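Hi everyone, thanks for coming.

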Amino acid sequence: MNLQPLYELRERLESSMIAGVSLLSDDFRLARAVEQMAPLAGASPIFKRIYDTAQSALAPNCSDRCGAVLDAYSLADAVLCTQGIVETEGEISDLPLAEGKRVLSNAPYSALAPLLEALTTTGSGHYSTVVDMHQSQPELFQDYRLKDALIKGLGAGYSELADQVETWLCEEGEDIIPLLKRDLNPKGKKEMVRRIHIIESLRKEKDNDYYISLLDTAEKDVREAVILALRHDQGNVQKLLDLAKAEKGNCKKAAQAALTYMDAPEAIEYWEKSMKKKPGTAAPFLAFTKSDVMADMVAAALEEMTDRLLENVKEEKETTETDVNTFDTLMKSLSGKSSPAIIQWYRRVSQRALANSLDKLANSKKAQIKFSASSNSGFYSTYHYMGELPFTQVIPNVLTNAILSSPVQPLLDLAGELFSSVGVEYFKPAIVAAFLSRPAGEVYEEFAPYIEDKKKTYYDSCLNTFYHGVLGILSFDDISHRHEFGITVQDPLRYRERGVNFRQPLFEPLDIRWYQLFASGIFDRVKNWGPYNFTRTISPKDSRAREIMGEYFYRKALDPSADPRPLFYCLKQCGWVGEKCKGIVVAAAKKNFNNSFWYFYNLVGNAPMADTQKADELEQVAELVRKHKINIKNWDEKRVQDWCAELRAGK
C-alpha cells in the first residue's frame, strides 16, 4: 500500500498549524493533499476517519477548525509512527556463541530491565534485587542479553553484590570465557581480579599460557591473582620458584602459595628449607594442603616447638611472644592434615600431664599463655568463636576443625580414641566425628548421657560444649535436604577475605530423641541461650520434630521471665501458629519484661496468629488495663479500639 498521500497530508497539516488556521481556506496545497487521500479512505476505517476529519477542517461552516486540524494531524501521525522501520547496511552474520548453549529465555525485555539496571548502575537496593531474582527466576541469568551486565557487575561498588556475581559466574560453562577476556585490563582493580578468579575456576591448567602471557603487564592485585592461578599446572614449578625470589609483598606470597600445590622435588625442598628456617612464617602457606609430605613438615615443627615450650615450663622461663605466635600458627595449619606424624603429635599433646604442663606457660608478666588456633565461627552462630584459650581447651577444638575441614578416617578414629583414653575434654571432636560417620541412634545413645546426668562433674562443660560448639555449627540445609556442620576458618594468608567455608553432611539425620531432649528445657541454664540453635536443625518435612519443638517454644513464650518476641520466628518455623499460640499476647502483657505501648504494639503485630485472634487477645488486654490489673505506658484506648476494628476488618 502506498502511504505517500498520508505522509503529504501530515506535512501539510503541520505547515497549516504553523501558519495559522485563519489561512486554512486559502491553502490549496492542503486541499490537494486531502483529495489525494480519497482512494485510501475506502481501504480502511482509520484512513476514512482521517480523510473525513481533514475535510471537515476545510469546510466553510466548521465550528471548531482548530480541533479538527489537531485531530486529523494526531491521527495521521499515530498511524505513520506504526509504520516505522530500523535498518542498517551490511551483511547478516551469526553471533559467536557456543554450540548447543541456551542463550535466550522467553522473558521480555521488561523482565530483564531491573536486573540490567541493578548490575550496571549504582544505587541502594541493587543487591536484594539481583539476589532475590536469582532465587525466584534463575532462568533469566542464562539469557545472553544479561551476560555483559553480569560481567560489569563484577565491578559493583557494593562488594557483596560483586562477590555474589563472581560466585555465580564460576558456576557457568566455559562459553563465558571470551566475554571475560574481552577488555580484561591487566592493570585494573578488583573487577579484573574477579575475572581472573572466574577464568581459572573454569579453565584451570587449560589456560596456563594465558596466565603466563598476562605476567608481562599485570600489576598489583591482578598480578597476584595471575601468579596464584599458575598453581594449576605442575609444569610451572621453576617459574614459581623464580617468582618467589623476584616478587615482593602479596605477589611473593601468591607465588609461595602456588608452590604448595606443586609435587616436584624442587618445591618440596623449598618448603623443607623454609619450615626449618622460619616455621612461623612458612606454616600459613601450608594451612589448607592435605599432602602427607607437607603434613609431616608441620608435625616436625610442632614436635620441636612442643619440646621447647615444655623446657620453658620445666625451667620456669618466660615464653616469648615469637614462640607463642609460631606455635599458634603451626596449630592453625593443621586443617585437614592426617599423616601418621600428625596423628602421633595429637596423641602426645593430648595426654593430661603434658597438656597441663603447657597450660603453665607464662609470659614476662607471669600471665598464663593462651592461644587462638581454634578460633572460628559457625555459618550462623557467633558464639562458636572461641577467642584465646589455654592449651588444654585449644587442642580439642583444633582437632574438631581438622575433622570438619577433612573428615578422613584417621582423624575420625583419633577423636573417638582420645575421648575414650583421655576423657570428656575430647567430647566435642568425638561427637562431631560420630555424627559424621555413625548411625544417628548410636550417636544419641553414646553421647546423650553426658548432657543428661546433672550429678556428673563434667555435666556443665558437656552441656555448654554441645549447645555452642555442636548445635552452634549444625543446621538443616534446605537445598541439599540434609543436616550439615558448617564452619568458617580464617585463611592465615587472607587470600579469601571472609575465610574458608567447610560444610560436612551428617551420616544420618538427627535422632528424634535429640529434639525430645531439647524440649525438656535442659539447655535453659546455658549462658547466652537462644532458640535459633535449635530452630536451624529442624527439617521443614520433619513433622515430629516440628511438633515437639513448637510445643517447647510455646511453653517458653509463656514463661514469665521470657521475652516472647524472639520465639515468634521459631514458632512459625515449627508451624505452631493460630490457635496453638492462644494466650501468648495476654501472657506477654502481664509480664514485667517491658510495659511500653511500643513494645506491646510490636508484639501484637508479630504474634504468630490470625488477625481476628490478635483482636480477641487485644481486647482482653484492654479489659485488664481498664481494671488496672496491668499497666502499659502511653496506653491509648481510642487507638486500641481502632486497631481492633482494623484487625477484624482484615486491614
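**A walk through the model**

Let's start with Lys-366, which is exposed, with a relative accessible area of 69%. By exposed I mean over 50% relative accessible area, while buried is under 20% and partly exposed is in between, using a 1.4 Å probe and protein chains only. Before going on, a word on ground rules: this is a predicted model, where local features need pLDDT of at least 70, side-chain atom pairs count only at pLDDT 80 or more, and totals for chains, interfaces and linings use all residues. Residues are numbered from 1 along each chain as its sequence is written, and side-chain values use heavy atoms, with hydrogens and water left out.

Back to Lys-366, then. You'll find this lysine in the loop between H21 and strand S1 (377-378). Helices here are DSSP runs of H or I with at least four residues, strands are runs of E with at least two, and both are numbered from the N terminus. Lys-366 is not a glycine, yet its phi is positive, at about 65°.

Where else does a positive phi turn up in a residue other than glycine? At His-481, with phi near 60°. His-481 sits in the loop between strand S2 (474-477) and strand S3 (482-489), and this histidine is exposed too, at a relative accessible area of 54%.

Now for some covered residues. Helix H24 (residues 427-437) has 10 of its 11 residues buried. Among them are Phe-427, Ile-431, Val-432, Phe-435 and Leu-436, and also Lys-428.

How many disulfides does the structure hold? The count is 0, where a disulfide is a pair of cysteine sulfur atoms within 2.5 Å. Take Cys-62: the closest cysteine sulfur is in Cys-66, 9.0 Å away, so that pair is too far apart for a bond. For Cys-574 the closest is the sulfur of Cys-570 at 7.0 Å, again too far for a bond. Cys-574 itself is buried, with a relative accessible area of 5%.

Let's zoom out with two alanines. Ala-59 lies in the loop between helix H4 (45-58) and helix H5 (65-81) and is partly exposed, at 22% relative accessible area. From Ala-59 to Ile-630 there are 571 residues in sequence and 85 Å in space, C-alpha to C-alpha. Ala-353 belongs to helix H21 (residues 352-358) and, at 59% relative accessibility, counts as exposed. Ala-353 and Tyr-569 are 216 residues apart in sequence, with 47 Å between their C-alpha atoms.

And the chain as a whole? The secondary structure comes to 34 helices and 4 strands. Along the principal axes, the C-alpha atoms fill a box of roughly 120 × 85 × 45 Å.

Of the 651 residues, 49% are buried. Contacts, meaning heavy atoms within 4.5 Å, tell us about the fold as well: among those with a separation of 6 or more, 67% join residues 24 or more positions apart.

That's my tour, so over to you for questions!
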